[in-house]
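Hello,

Here is the structure I promised to pass on to you. Have a look at it first, and then read on for what turned up in it.

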Amino acid sequence: MSNRLLQALVGDPETAALFTGEAEIAGILSFESALAQAEADAGLIPEAAAAAIVAACASFTPDYDALAVGMARDGVIVPELVRQLRVAVGEHGKYVHLGATSQDAIDTSLVLRLAKAITLFEDRLAALGRSLQDLSGRFGKQPLMGHTRMQQALPITVADKIGNWAEPLQRQLRALEGMRRSLLVIQLGGAVGTREGLGEKADEVARRLADHLDLGFATPWHTQRDPLVDFASVLSLVTGALGKFGADVALLSQNEVAAIALAGGGGSSAMPHKSNPVKAEILVTLARFNAGQVGLLHQALVHEYERSGSAWTLEWMVLPQIVEATGAALRIANDLVGQISFKS
């Protein structure tokens, strides 16, 4: 997100950092380093070549201007990045990227970064669950008027209300934990997804690559993007549940309802007496944003033949936004819970 002011409202720096150009290149270099080690382990390249590639990847600083030119020309940064890396490796440069294709490097880089995002989201969901449980422990027995279709209905308790906020989030936490096996896997397919450039050693190299990167082994999935879309769908469910939480908080804080008090609400330039439920409102915004974006990401499932530049580029544009919006929603929700007290 380029607007720093809007980033302060709806962004999440910790999540956004996973999708910078620098983060993507770091992931690609991890892939290239691990690939060289895997190929040396399998006897495909000399040990000295692998050592030279690992050392170069550890200290390599790319020419970003040249990468930008290459990206505009090739549609991906990998051809230019590999060219630069081969120069840095020197006499063993011909062994860099052996048997791989651009998509292998970029997809595996993405998975390495999504692993960090999942850990971050699991931690934030767990913290939010504890905070909601604490809130229920303090206020749960208090009576609260229930509403159906925006009208007063029958009495409930604060614990009933908080339970409706917390239980979907517990389900989504379990869903995220369960996705690790299907999502966090290597990509290694070569030009057309058959690993043809690695010969009889193909599966051995792939398994050793997975071990070096601490990822799962998988057959090539160049055009099989359903695990990524499934992940985004789970994130949309997370932000949807947080949007419900935000909507309830905004309504309960209305002057006419006055069921809760919010510490540190947002101010107004014209009405100094107001305390606006800004964080609650932004949770609703982020829920609606992700609901729209995840539908767009489904368009990136449609790949032509064995590789698609158009579908892949759409995925690059949409998926990071969904992930960052989820990080922002979880950050904001954790802050919001600490601002809530129920009135007796």
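**What turned up**

V78 counts as buried, at 1% relative accessibility; buried means under 20% relative accessible area, exposed over 50% and partly exposed in between, with a 1.4 Å probe and protein chains only. This is a predicted model, in which local features need pLDDT of at least 70, side-chain atom pairs count only at pLDDT 80 or more, and totals for chains, interfaces and linings use all residues. Residues are numbered from 1 along each chain as its sequence is written, and side-chain values use heavy atoms, with hydrogens and water left out.

To stay with V78 for a moment, this residue lies in helix α6. Helices (H or I, at least four residues) and strands (E, at least two) are DSSP runs, numbered from the N terminus. Leaving aside neighbours within four places in sequence, V78 is in contact with I28, H97, S102, A105 and I106, where contact means heavy atoms within 4.5 Å. V78 and I106 are 28 residues apart along the chain, and their C-alpha atoms are separated by 7.8 Å.

H97, one of those partners of V78, sits in the loop between α6 (78-89) and α7. Its phi is positive, near 70 degrees, in a residue other than glycine. Most residues other than glycine have a negative phi. M150 also has a positive phi, of about 70 degrees, and is not a glycine; M150 is found in the loop between β1 (143-148) and β2 (151-157). Are these two residues buried or exposed? H97 counts as buried at 12% relative accessibility, whereas M150 counts as exposed at 60%.

Now the chain as a whole. It has twelve helices and four strands, and its C-alpha trace spans about 75 × 40 × 35 Å along the principal axes. Buried residues make up 49% of the 344 residues. Among contacts between residues at least 6 apart in sequence, 76% join residues at least 24 apart.

The largest nonpolar core has 108 residues, and L188 and F342 touch the most other members. Such a core is a set of buried Ala, Val, Leu, Ile, Met, Phe, Trp, Tyr and Cys residues joined through side-chain atoms within 4.5 Å. Helix α7 (residues 102-139) supplies the largest share of this core, 16 residues.

Not counting residues up to four places away, E315 touches L110, R225, L228, L297, A300 and P320.

Helix α3 (residues 21-41) has 21 residues and should span 30 Å at 1.5 Å a residue, which agrees with its end C-alpha atoms being 30 Å apart; the expected span is 1.5 Å times one less than the number of residues. After α3 comes G43, with a positive phi near 80 degrees.

Finally, L6 lies in helix α1 (residues 4-10) and is partly exposed, with a relative accessible area of 39%.

Best wishes
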